[in-house]
Amino acid sequence: MADLKLTNVAKTYGGSVEVLKNINLDIKQGELIVFVGPSGCGKSTLLRMIAGLERISGGELQIDGQVVNDVPPSERGIAMVFQSYALYPHMTVRDNMAFALRIAKKSEPEIKQAVEAAAAKLQLTDYLDRLPKALSGGQRQRVAIGRAIVRDPKVYLFDEPLSNLDAALRVATRIEIAQLKEAMPDSTMIYVTHDQVEAMTLATRIVVLANKGIAQVGTPLELYEAPENEFVAQFIGSPAMNLLAGEVTGTGKTTTVTLAGGGTAVSSIPTTAADKGMKVNIGVRPEDLVRAQGDAFLFEGKVNITEALGEVTLLYFHAQGADQGVIGKLPGIHTGLRGTTVPMTADPAKVQIFHKGQSLRYRD
């Protein structure tokens, strides 16, 4: 198992098309790092650069202290699980998992032991003599993961491994991957996904990629509760964080923001007297909004649409001062709100403040 270090890593195509730049990241042994970001942000490209399937245009990649920029993929000690299972259809599960070891000329007793140990971890023991066509999609993906495990690599790379599964299988396989990581606590894994649930539930740390670089690195809860910028604030969480324009009118240990729509937001993020009059956006997650009591409100708006999901009800507002519609997420079932004007507020500890796209929480 291994540590990885990326220093000023960059990727360009044709010398002029810049895809990634200044990627600096330390990955420690035993971490499960998840790369997320919008389509085209370079997360799969970065994974393939670590694997050696794409050349690094600039910077340095180290695995266990060794610079591997020019080391062939087969010599990096990395195993990759792709979105497509890519199983040999004419081979049994046992032979699919054993194939790489046979190519490496391992002895049959070694191969048998490695395959059976991996099959036990992945609950595939009863399927070792089946062909892939006799397996479900989730079982096939587990075979692909098993093919990586038997190689005992330094680093496991997963490139959207659940994307081809239906919703139910995706949930089941996600849980199996989490259990697999618990069974292999020293293994280092890097996982690419566009699914926020996978990122939030699997990751030791999440790397959010945007604008050719890293927008923020942190634990799932750090990114959810304390985003460094508006991009991360709106990318992490579903529905996305609401942003409302306003002006700082009260400073100190707590900050008061008077909003363009006439409401007032109070945040536990401190400010100084010099910040008074600053134009800001306040951010509050839909699930942190509650119905206001009395005359004080963060904003009030007319409910255009409601979506009753059983455990929660989504309220879609038109709110003055918001660039986009505001969404509230109230626990339980709420009927009769469509077409009414509802005042909403939030706990100051849940209210973020952004100036020019950056959180005031992280100022020096």
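These legends accompany several close-up views of the predicted model shown above. Residues are numbered from 1 along each chain as its sequence is written. Because the model is predicted, local features need pLDDT of at least 70 and side-chain atom pairs count only at pLDDT 80 or more, while totals for chains, interfaces and linings use all residues; side-chain values use heavy atoms, with hydrogens and water left out.

View A. Cysteine 41 sits in the loop between β3 (32-36) and α1 (43-51); helices (H or I, at least four residues) and strands (E, at least two) are DSSP runs, numbered from the N terminus. With a relative accessible area of 7%, cysteine 41 is buried (under 20% is buried, over 50% exposed, in between partly exposed; 1.4 Å probe, protein chains only). Setting aside neighbours within four places in sequence, cysteine 41 has contacts (heavy atoms within 4.5 Å) with Val19, Leu20, Val36 and Leu209.

**View B. An open sheet of six strands.** Follow the order β13-β12-β11-β14-β20-β21 across this sheet, with antiparallel pairing; two strands pair if DSSP finds at least two bridges between them. At the edges lie β13 (264-267) and β21 (358-359), each pairing on one side only. Strands β11 (residues 242-250) and β14 (residues 279-284) are joined by six bridges, and here asparagine 242 stands opposite valine 284 of β14.

**View C. A tilted aromatic pair.** There are four aromatic pairs, counted when ring centres of Phe, Tyr and Trp (its six-membered ring) lie within 6.5 Å; planes under 30 degrees apart are stacked, over 60 edge-to-face and the rest tilted. Tyrosine 88 and phenylalanine 99 have ring centres 4.9 Å apart and planes at 50°, so this pair is tilted. Tyrosine 88 belongs to the loop between β6 (78-81) and α2 (93-103), and phenylalanine 99 to helix α2, so the pair ties together parts 11 residues apart in sequence. Tyrosine 88 is partly exposed at 32% relative accessibility, and phenylalanine 99 is partly exposed at 29%.

**View D. The largest nonpolar core.** Such a core is a set of buried Ala, Val, Leu, Ile, Met, Phe, Trp, Tyr and Cys residues joined through side-chain atoms within 4.5 Å. The largest one has 45 residues, and Met97, Ile145, Ile149, Tyr191 and Val208 have the most contacts inside it. Helix α4 (residues 137-149) gives the most to this core, with five residues. Leaving out residues up to four places away in sequence, isoleucine 145 touches Val81, Leu122, Phe158, Ile177 and Leu180. Another core, of 30 residues, lies apart and includes Ile23, Met49, Ile50 and Leu61.
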